[in-house]
Amino acid sequence: MSYLRFEKAVMTNLEESLRRELLRTNRSGAYSASTLVDCNTRKYHGLLVVPVPELDDENHVLLSSFDCTVIQHGAEFNLGLHKYQGNNFSPKGHKYIREFTCDVVPTTIYRVGGVVLKRETIFQAYEDRILIRYTLEDAHSATTLRFRPFLAFRSVRQFTHENSTASREYHPVDNGIKTCMYAGYPDLYMQFNKKNEFVFQPDWYRGVEYPKEQERGYASNEDLYVPGYFELSIKKGESIVFAASTKEIKTSTLKTLFQKEIDVRPGRDSFYHCLVAAAHQFHNRKPNDDRYLLAGYPWFKARARDTFISLPGLTLSIGEQDYFELVMKTAEKGLREFMEGKPLSVKIYEVEQPDVPLWAVWAVQQYIKDAGREKGYKMYGKLVKDIVTYIVGDGHPNLHLDDNGLLYANGRDRAITWMNSTANGRPVVPRSGYIVEFNALWYNALKLCASLEAEFGDKKLADKLEQRADVCKESFVATFLNEYGYLLDYVDGTMMDWSVRPNMIFPVAFDYSPLNQDQKKSVLDICTRELLTPKGLRSLSPKSGGYNPMYVGPQTQRDYAYHQGTAWPWLGGFYMEACLKLYKRTRLSFLERHMVGYEDEMNYHALGTISELFDGNPPFHGRGAMAFAMNVAEILRSLKLMEKYTYQK
């Protein structure tokens, strides 16, 4: 039985199939995404979506979809599906689907009368190329396939509409054509592995509608350009391969290429293997060989905080220490350039956020635990020391070390933490002053640096850092711990935020904590009672003012809900780590049951990966981006931690 398998009843029920999405990526940041029935429901969906650096820093939808029509005895059966205005679906090709599986590559079985057609899709790992293999598994008479390409040639953040500027030109290439709708875009090559006839029949398909954009309060319809159609015969047992790319390919190699790509694909035959495959989807390599982790798909780029938080889970937890080092090499370059006041030469965003260097130290700490202290110090000891020295020396423009040993950051007018939603130009959650996770990270960084220097480096520096850590510890408890046994979220002068938020879980989970065991247990208990859901920790307790758990509606409405009660799996990762550190193996069965909530996601929203966030109330629907790096990372890291405690004597 396939792990990711859907039968006819699910596929033909649009209420079920349209909510399930499919994402395939490559290392350049290009991707292919749609729903299981190949009906695009977002403006971000497309069969071939690629970066066009000559135009901007966004991805662009070149080939929106590729409709196949089966022709027998002059009768035509169109397997495509599009939603048009007025809730009209056409041509309703989903009714021919008999089965969908995704254990290695997405595979759809269509049955039209006596015709059984298999469609397999793969996105080439190191080229911006989508490959589709059609195999005629059964047919009782001569069969012809007709293919219509739906072109967009627009940014993922925009729409295209019928216009006279779009070029209708096309040029024949090896077993196909190339075309380009607008100046500045690359040519789109559409080719088959065998000879075919292209019939030039230009037309616009008007009023294609994207319901996900409607739900989010955005414009939601566009027109797509179809230059004509390809037609070719196919025999029973025969396979043909179609390629769409920004580069021409020798078509005689397509069959071999498709099989090679399949052979190196990891299987998605279990929860863990799905997460490993999902982790690889965030890998991003630039032409200069810099390595990045994208924060998510389809609209996120490489962000500094997300990179450092997700790096250990996406690499070390699955035995890929070498990729940790490659990404850290790029990220460290950007971090050092910022600390030295130089222009950034790397494509990492938000390096200036004040907690970024602190999360970098935490990421290094995970590497040290994985690779060993000696190797860890050799690789990153200087980076840790330089970051601590930079902060002690007040090098950061928005991170001030006060005499009480705590770090102060101004976030009143600009969002500076991971809770970064804004409305009307101001932070929805204006966390400012002494921020709880900033100072938990700072204490952890001081203790880590001191321990490394005491063992391998400057022992006098180690003593000074230990003294600083002692001052920080005393002030942390005095500042954040309240009489109810949980931690204030931030303190800014006389302003104290008493909201019950998940940021207090970090000092319980970190290796070095300013809290004692009883204080940790008290904080963990409150997180369990008020914040824990099957999809991670809520960003705000239902008992706190402003609780808004449903991430739905127009942009402004969603902005106000983003960190006001929604649930985040990555926070659940730190919660699990805290549980294991405090209660060891006695909490394993509880955490194993909790993991079921994440495994359910493998076949519900975006197949085999984890959505950006979830509603904070039942039924905890997945929302936002299709795939989110920090969520996948922390679930993988939690699984590794659970394995460690399972076999610990």
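Residues are numbered from 1 along each chain as its sequence is written, and side-chain values use heavy atoms, with hydrogens and water left out. Because the model is predicted, local features need pLDDT of at least 70 and side-chain atom pairs count only at pLDDT 80 or more, while totals for chains, interfaces and linings use all residues.

The nonpolar cores come first. A nonpolar core is a set of buried Ala, Val, Leu, Ile, Met, Phe, Trp, Tyr and Cys residues joined through side-chain atoms within 4.5 Å. Buried means under 20% relative accessible area, exposed over 50%, and partly exposed in between (1.4 Å probe, protein chains only). The largest nonpolar core holds 209 residues. Phe147, Ile505, Trp570 and Phe574 touch the most other members. Helix H10 (residues 436-456) gives the most to this core, with 12 residues. Helices (H or I, at least four residues) and strands (E, at least two) are DSSP runs, numbered from the N terminus. A second, separate core has 10 residues, including Leu131, Val241, Ala243 and Phe258. In soluble globular proteins, nonpolar side chains tend to be buried together.

Contacts (heavy atoms within 4.5 Å) show the surroundings of single residues. Not counting residues up to four places away in sequence, Ile505 touches Leu524, Cys527, Leu537, Phe574, Tyr575 and Ala578.

Strand S16 (residues 188-192) is largely enclosed by the rest of the structure, because 5 of its 5 residues are buried. Leu188, Met190 and Phe192 lie on one side. Tyr189 and Gln191 lie on the other. Two strands pair if DSSP finds at least two bridges between them. Strand S15 (residues 176-179) is joined to S16 by 4 bridges, and the two run antiparallel. Here Lys178 has Tyr189 as its bridge partner. S16 is also joined to strand S19 (residues 239-245) by 4 bridges, again antiparallel.

S27 and S28 (residues 490-492) are linked by 2 bridges. Tyr490 of S28 is the bridge partner of Ile435.

Asp103 sits in the loop between strand S9 (97-101) and strand S10 (107-112). Asp103 is buried yet has no salt bridge. A salt bridge is a side-chain nitrogen of Lys or Arg within 4 Å of a carboxyl oxygen of Asp or Glu. The nearest side chain of opposite charge, Arg268, is 8.3 Å away. Lys and Arg count as positive and Asp and Glu as negative; His and the chain ends are not counted. A polar atom of the Asp103 side chain lies 3.2 Å from the backbone nitrogen of Leu4.

The peptide bond from Ser90 to Pro91 is cis, with omega near 5°. Pro91 is in the loop between strand S8 (88-90) and S9. The bond from Tyr297 to Pro298 is also cis, with omega near 10°. Asn424 is not a glycine, yet its phi is positive, near 55°. Asn424 is exposed, with a relative accessible area of 74%. Phe620 likewise has a positive phi, of about 60°. Phe620, however, is buried, at 12% relative accessible area.

Methods: Polar contact = N/O pair within 3.5 Å; in protein donor to acceptor, adjacent residues only side chain to side chain.
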